[in-house]
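Please read the points below with the sequence and the model open side by side. They are grouped by topic.

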Amino acid sequence: SYTTDAKSREENKTTIESLHRLSVDVRKIRRVKEWVLLQDVAYVKEIAGILQEMGADKTAVASILERCPEAILHTPAEINSQRALWQLVCQNEKQLIKLIEQFPESFFTIDCHENQKANILFLQELGLKNHIITRFLTSAPSVFYNPVEKTKNVIETLQKSYLSLGGSDANMKIWILKLLSQNPFILLNTSSTIQENLEFLQKNDFTDHEVLQLLSKLKGFIFQLSPTTMQKSILFSQNVFKCSDQEIKELVLKCPALLYYSVPVLEERLEGLLKEGISVAQIRETPMVLELTTQIVQYRIKKLSALGYDIKSGTLESLNGTKKDFEANYGKIQSKKERPIFNPVAPINIED
């Protein structure tokens, strides 16, 4: 058992007993967040009661409190406010408790309650579907902590940028909503960052149409970069592939990863490919291969080699794409190899 001489560091016995009664594995909490057990005030029974009220069974309650023990340090009033907040986007309490079971840390991070509520209501007004907002709440809760004015400001900047780049009024809403659903972290940017990055692309001779193309291909991640890092990545690629400004621009449009990944990442991936006997010319022909980690490339080359496919002499297209794409390509190569060669004019041997 946990013991210490300093009284201020003693575990709260009432908390421990209450957790034991709920079949919570206190050892797990001690290992990861023992500070929770040292607090003078905790609301174990009350928080468990609210979770049960929402439909969580005994096992679910124990699991939630083991994974996110700090839940018991919030007052019942705070938890009920959070419950009402999440109910704005959840179909019912059954869905809500399911989300809490999956993402207890997101639910029990009770910060900037008023900001969270204002941001949820604004995103609903904007036309973002509730199931996407719940995805934000669970995977990117920090996007709700800023004042709603900042969120509105970012959206306005994106709208103006889209129109100034030649986007139409009719498509603007769809474009914004798609961008947000792909990358909610855009909302953590400042308006000036967005403008600086767009200006950088324009200064590098990307046409307005090409800039829009890059924004869509990079799913808004371009706003998490800086002109300095983008410049370094472009120069690195230009050096490696020995190409002109126009040629590097074409390569970036073909493979935006050349713009997105930092020099150390590109360097590591390039080295990995060269070690496998792949030439720079092959990589330049199919730059999208740089979107894959070295481990994925090695695994795919090994699988293809087992079929007798020589990656050094062929195209790198067969390495590309998502896991699903690769498996489909691999299947085609495999069935081609296994298919017997049938000669329609060959004589048929018939035994007497």
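1. The largest pocket holds about 260 Å³ of space. On a 1 Å grid over the protein atoms alone, a pocket is an open set of points where a 1.4 Å probe fits, with protein on both sides within 12 Å along at least five of seven lines, whereas a cavity is a set from which the probe cannot get out; lining residues have an atom within 4 Å of a point. Grid points are joined across faces, edges and corners, and the volume is the space filled by probe spheres set on them.

2. This is a predicted model, in which local features need pLDDT of at least 70 and side-chain atom pairs count only at pLDDT 80 or more, while totals for chains, interfaces and linings use all residues. Residues are numbered from 1 along each chain as its sequence is written, and side-chain values use heavy atoms, with hydrogens and water left out.

3. Which residues line the largest pocket? They are Lys217, Leu218, Lys219, Phe221, Pro256, Ala257, Tyr260, Tyr261 and Glu291. By class, the lining has six nonpolar residues, no polar ones and three charged ones. Here Ala, Val, Leu, Ile, Met, Phe, Trp, Tyr, Cys and Pro count as nonpolar, Asp, Glu, Lys and Arg as charged, and the others, Gly among them, as polar.

4. Lys219 lies in the loop between α13 (208-217) and α14 (227-241); helices (H or I, at least four residues) and strands (E, at least two) are DSSP runs, numbered from the N terminus. Lys219 is partly exposed because its relative accessibility is 39%; buried means under 20% relative accessible area, exposed over 50%, and partly exposed in between (1.4 Å probe, protein chains only).

5. Ser23 also has a positive phi, near 65 degrees, and is a residue other than glycine. Ser23 is placed in the loop between α1 and α2 (26-33). With 46% relative accessibility, Ser23 counts as partly exposed.

6. The structure holds six aromatic pairs. Rings of Phe, Tyr and Trp (its six-membered ring) pair if their centres lie within 6.5 Å; planes under 30 degrees apart count as stacked, over 60 as edge-to-face and the rest as tilted. Phe107 and Phe108 make an edge-to-face pair, with 5.0 Å from centre to centre and 90 degrees between the planes. Phe107 is buried at 0% relative accessibility, and Phe108 is buried at 3%. Together with Trp86, Phe107 and Phe108 form one aromatic cluster.

7. Why is the pair of Tyr162 and Trp175 stacked? The ring centres of Tyr162 and Trp175 are 4.6 Å apart and the planes are at 25 degrees, so the pair counts as stacked. This pair links distant parts of the chain, with Tyr162 in helix α10 (residues 148-164) and Trp175 in helix α11 (residues 169-182), 13 residues apart. Tyr162 and Trp175 are both buried.

8. Two lysines have a charged end over a ring. A charge sits over a ring if NZ of Lys or CZ of Arg is within 6 Å of the ring centre and within 35 degrees of the ring normal. Lys303 has its charged end over the ring of Tyr330, 4.3 Å from the centre. For Lys249, the ring is that of Phe206, with the charged end 6.0 Å from its centre. Phe206 is in the loop between α12 and α13 and is buried at 5% relative accessibility. The C-alpha atoms of Phe206 and Leu253 are separated by 9.2 Å, and the two residues are 47 apart along the chain.

9. Is Glu11 buried or exposed? Glu11 counts as buried because its relative accessibility is 14%. Glu11 lies in the segment before α1 (13-21). The Glu11 side chain makes a polar contact with the side chain of Arg30, at 2.7 Å. A polar contact is a pair of N or O atoms within 3.5 Å; within protein, one must be able to donate a hydrogen and the other to accept it, and residues adjacent in sequence count only if both atoms are side-chain atoms.

10. Leu99 is in helix α6 (residues 93-102) and is buried, with a relative accessible area of 11%.
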